[in-house]
Amino acid sequence: MAAEGQAIRASSESYGAVDQMSHAFAGGSFGAIVPDPMINGEEPSAPPAYPIDDISGYEGTALSDGGGKDLPPPSDLVTGRGGGHPPAQTDWNIPAISEDAAKEAFMQYAAGKCCYSSAPAKEMVFRDLHPFNTYRYRLETFTESRSPEWKTTPYKGEFVDSFLLGPAPLPWDIQVEVPTMFTDNITGVKVPHTSSLKGCHHCQSSGKIRCTKCHGRRKVDCWICHGSGKRLNNDRCTHCSGSGRSRCNSCSGSGHKTCNICAGKGQLLYYIELQVKWQNNIFEYVADQRSGFPADFFKEVTGQKMFVDEQSMVYPVVNFPDPSISQASQNAVVQHHTQFASTSRVLRQRQTIELIPLTKVEYEWQGKLYSYYVYGDENKVYTENYPKKCCCSVM
Ligand SMILES: [Zn+2]
Ligand SMILES: [Zn+2]
Ligand SMILES: [Zn+2]
């Protein structure tokens, strides 16, 4: 009975501490002393879905599961366009790659493949260099979204910032500094004046839970004699002195363990945490030049930035020489507005147009015609039909 006496004493001590807290802050509902679960044998209860009354501006906030609902920003936070159209671009000079650069890129490409002979790259004769320079349009919409969640943490006697200190600020009224523009990030902000104390649901505020190994009995079957008290030769088991029972190691013979939910404190601090998430949402379009080049490869290279426009909200690009780019910009601006305006706050937008160099090289080697592509500022090479591969294909 000593263990149970300790358990009760321990829990009434923790209530003493909490009583002092409740005089100081009166922020939580502490309830009556709940019987020790080891005595009444009841199973721990599940946490309540909505732990305390709805707080104005945070109605329906669920207990932490990482899937909080994004709260739409109030209309006065929705940004408008900063004014001014993008400057007209008139001077479109299309650079073409030189034969030397095309050959150099091709030789490096062949050297980087273990089973490609370098001979064709060295001995090739140029027939034609055909530029298919390609535009890539990109719209980046940098958004912030906010979703509240109830959180709990073992109460260790810290200050309880309860509703008595004032009404909780509305989700979008809380000042949160943006870490870096156009970079994904997430942070959690404790909402002021939403804290309260509650008895731990798991251990019914005792700070202890019954040991699952011995079920609170403090002893288990002796592992030497398996509970019989006797050895094989019928002698008395010396490990358990013939009782068949030995001390439970899992709980050190106390019959209970520290509650892992409240860390043995018996009390939980509840508060609302605002999950603030920044996302850079990217819309990308590459104009199709019908070059036969697989457009997916453009993803791995950079181009020359011809146009950069950054504002709180951009206007679609108009009158670009390639009308499909203007159209893509129009679609992107509409799509991002539809997608993000109702669930998040658009902090900034940036649109860029890049010129990605792409040249199709036609060449002759040993009397036959072949081709390859040089693409990107990095002068990468793509070819489907390299003429001489020494080990992995039959020529
Ligand atoms: Zn607990
Ligand atoms: Zn035990
Ligand atoms: Zn034994």
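Strands β12 and β13 pair in the antiparallel sense over eight bridges, where two strands count as paired if DSSP finds at least two bridges between them. The model is predicted, so local features need a pLDDT of at least 70 and side-chain atom pairs count only at pLDDT 80 or more, whereas totals for chains, interfaces and linings use all residues. Residues are numbered from 1 along each chain as its sequence is written, and chains are lettered from A and ligands numbered from 1 in the order in which they are written.

**Overall architecture and confidence**

- The protein contains five helices and 14 strands, taken as DSSP runs numbered from the N terminus (helices are H or I with at least four residues, strands are E with at least two).
- Of its 395 residues, 29% count as buried; a residue is buried if 20 or more other C-beta atoms lie within 10 Å of its own, exposed if 12 or fewer, and partly exposed in between, with C-beta atoms placed from the backbone.
- Among contacts between residues at least 6 apart in sequence, 81% join residues at least 24 apart, a contact being two residues whose C-beta atoms, placed from the backbone, lie within 7 Å.
- The average pLDDT, which is the predictor's confidence in each residue from 0 to 100, is 81, and 79% of the residues score at least 70.
- Over residues 1-44 the pLDDT is below 50, although this stretch has 70 contacts in the model beyond near neighbours in sequence.
- Where pLDDT is low, the predicted coordinates should not be read in detail.

**The β1-β12-β13-β14 sheet**

- Four strands, in the order β1-β12-β13-β14, form an open sheet with antiparallel pairing.
- Because β1 and β14 stand at the edges with a single partner strand each, one side of each is left without a neighbour in the sheet.
- From one strand to the next the twist averages 25°, with axes fitted as lines to C-alpha atoms (for helices over the stretch in contact) and angles running from 0 to 180 degrees between N-to-C directions.
- The bridge partner of Tyr363 is Tyr370 in β13.

**Helix α3 and its packing**

- Helix α3, residues 99-111, has 13 residues and reaches 18 Å from its first C-alpha to its last, close to the 18 Å expected at 1.5 Å a residue, where the expected span is 1.5 Å times one less than the number of residues.
- Its buried residues are Ala102, Ala105, Phe106, Tyr109 and Ala110.
- Seen down the axis of α3, these residues fall within an arc of 135° and so line one face of the helix; the arc is that of the directions from the helix axis to the C-beta atoms.
- The face turned away from the buried side carries the exposed residues Asp100 and Ala111.
- The buried residues of α3 pack against α4 (119-123) and against strands β1 (125-131), β12 (358-365), β13 (368-375) and β14 (380-382).

- Ile97 lies in the loop between α2 (37-40) and α3, and it is buried because 20 other C-beta atoms lie within 10 Å.
- Leaving aside residues up to four places away in sequence, Ile97 touches Ala102, Leu129, Pro357, Thr359 and Val374.
- Ile97 and Val361 are 264 residues apart in sequence and 9.8 Å apart in space, C-alpha to C-alpha.

- Ser205, in the loop between β4 (196-199) and β5 (208-210), has a positive phi near 70° and is buried, with 27 other C-beta atoms within 10 Å.
- Asn234, in the loop between β6 (219-221) and β7 (245-247), has a positive phi near 75° but is exposed, with 7 other C-beta atoms within 10 Å.
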